[in-house]
Amino acid sequence: MEYAERLENVAVLGAAGKMGSGIVLLVSQEMADLALKPENRSKTFVLHAVDVSHQALLGLVKYLREQVRKSAEKKITTLRSAYADRKDLVDNGEIIDAYVDHVLDVVRPATLLAAAAEANVVFEAAPEDLALKLKLLACASGDGSKTPWVFTNTSSIPIHEIDEKARLGGRIMGFHFYNPPAVQKLVELIRGKTTLPEVAKFAEALTKSLRKTVVPSNDVAGFIGNGHFMRDMLHGISEAERLGKEMPFPHAVYCVNKVSQDFLVRPMGVFQLADYVGLDVCQCILNVMDPRLPGQDLKSPLIDRLLGQGVKGGQNHDGSQKDGFLHYDAGRPAGVYDPDAGRYAPLSEFQAECDKKLGPLPEPALPWKAAVKHPSREKALEEFFGKLENMTTLGAQLWRRYGRRSKEIGLKLVSDGVAASPEDVNKVLLTGFFHAYGPVNDYFARTVSPAKAAT
Ligand SMILES: NC(=O)c1ccc[n+]([C@@H]2O[C@H](COP(=O)([O-])OP(=O)(O)OC[C@H]3O[C@@H](n4cnc5c(N)ncnc54)[C@H](O)[C@@H]3O)[C@@H](O)[C@H]2O)c1
């Protein structure tokens, strides 16, 4: 079955979720574009958008309508030639409307899994719960007339494990989009040890057509992206716990968050990022990684404790940030959660005191946005970090320990064979996490020596 034929019948499971809706958007347009090609005119392209929530599927259709319109506006010249034989479509508005209808005709929302039974390709984007994923993938086991290829968006579960437990016989590959799939360039492709070569070949062709930046990851729990992020987050948490012995815990969280953003020149601090991802999601990923990577202690009793107190992070329906480690006011951090008191301590009460304890940032300042736009980014970072290297303030000490740990994590991903090279680790952090520089760099010494670690 060649590429277009395989894409004639597709199912997306968990289609109305954060990742599922983006996957439906991308794949339905790919299918609609294929359908517009003269050689495919006899084919019928159908995408079954399966989700347990009827309400969420209504939201999906609205989202698709808006997003497909935007993308049609961008590719109007291509669409004009694709619809050249439609003499009834004259102005741009008519062509855009026709394309939106065309894509929405491809998508069939469904709440019943049975709709997926005829699919040649199944994208699985259900919550990060192995038992649920296996239950859903029973539709792909090959017991019916079809033996579909499965592309799972799992953030952490080894692909070979899903393959064995769902009895897919190698018809599966990790296709790890980043959030939101339609915007984020990065896709981590993960081949399990049994993944069939033709499945991998199709995945590569699809990423190419979607113009994604691909980084291959080995099939180890957490892969490259979460392999780095989870350990990086656990470092941030352990630093806050260490500092929390000398200062109130919310102050310590604030200090580490500030260092991991402003001193490390990252788009957001580590606690803000954990809130953005959702503490429940972080817990799920750690629960997958920890038992599969023994001896690494990939747990966070603090996250477990916060979740036990109902502190979750993640986003509201309108996309606004929910409170997690931090409390947000108009999207900006305004307080830090104190698990002992069970409430948020307002930043206005202690921010100035903590900033003084951390000490100043080097001059001239280098905020992340300025760094990524800087015409000589590497040189600017070298100068900024060079100044920090010569500082002995608390902020500089935390910065040094953090940068070195992040580098150590990156190097270990390579030595453990999760990533093929330091460049691949850096590409994931640069593209998927929007860092201004990769964790494997010359700004930080290779490892934290016990003597330096004490500083
Ligand atoms: N959110 C992210 O930033 C992100 C990034 C990369 C990968 N992922 C991974 O993508 C997957 C999906 O994550 P998400 O954030 O989109 O989750 P989500 O909770 O936003 O979406 C999951 C969807 O699955 C649906 N669902 C639940 N049970 C179902 C069932 N029995 N049948 C059909 N649908 C069902 C839900 O209604 C929901 O719409 C997970 O494996 C996650 O680890 C998430």
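Two strands count as paired if DSSP finds at least two bridges between them. Helices (H or I, at least four residues) and strands (E, at least two) are DSSP runs numbered from the N terminus. With those terms in place, I turn to the model before us.

The model is a predicted one: local features need pLDDT of at least 70, side-chain atom pairs count only at pLDDT 80 or more, and totals for chains, interfaces and linings use all residues. Residue numbers start from 1 along each chain as its sequence is written.

Let me begin with the sheet. In β2, Ala11 has His48 as its bridge partner, and Val10 stands opposite Leu47. Strands β1 (residues 9-13) and β2 (residues 46-50) are joined by five bridges and run parallel. Four of the five residues of β2 are buried, so this strand is largely enclosed by the rest of the structure. Here, buried means 20 or more other C-beta atoms within 10 Å of a residue's own, exposed means 12 or fewer, and partly exposed lies in between, with C-beta atoms placed from the backbone.

The sheet is open and has eight strands, in the order β3-β2-β1-β4-β5-β6-β7-β8, with mixed pairing. Its edge strands, β3 (107-110) and β8 (213-217), each pair on one side only. Neighbouring strands are turned by 25 degrees against each other on average, direction ignored. Axes are lines fitted to C-alpha atoms, for helices over the stretch in contact, and angles run from 0 to 180 degrees between N-to-C directions. Helix α6 (residues 130-137) packs on this sheet and touches β1, β4 (121-124) and β5 (149-152), its direction making about 160 degrees with that of β4. Contact requires C-beta atoms, placed from the backbone, to lie within 7 Å.

Which residues come nearest to the ligand? Of the 25 residues around it, they are Gly14, Gly17, Met19, Ser155 and Asn179; a residue is near if its C-beta atom, placed from the backbone, lies within 6 Å. Helix α2 (18-35) and helix α6 each supply at least two residues of this shell, and α2 gives the most, with three. The shell divides into 13 nonpolar, nine polar and three charged residues. For these classes, Ala, Val, Leu, Ile, Met, Phe, Trp, Tyr, Cys and Pro are nonpolar, Asp, Glu, Lys and Arg charged, and the others, Gly among them, polar.

Asn179 also takes part in a cis peptide bond with Pro180, with omega about -5 degrees. Pro180 is found in the loop between β6 (172-177) and β7. A cis peptide bond also joins Glu363 and Pro364, the latter lying in the loop between α14 (351-358) and α15 (368-373).

Now the domains. An automatic or database assignment supplies the bounds: domain 1 covers 3-217 and domain 2 covers 225-453. Their centres, taken over C-alpha atoms, are separated by 33 Å.

Finally, two backbone details. Arg167, in the loop between α7 (159-166) and β6, has a positive phi of about 55 degrees although it is not a glycine. Phe434 likewise has a positive phi, of about 60 degrees, and lies in the loop between α18 (422-432) and α19 (450-453).

Methods:
Two residues are in contact if their C-beta atoms, placed from the backbone, lie within 7 Å.
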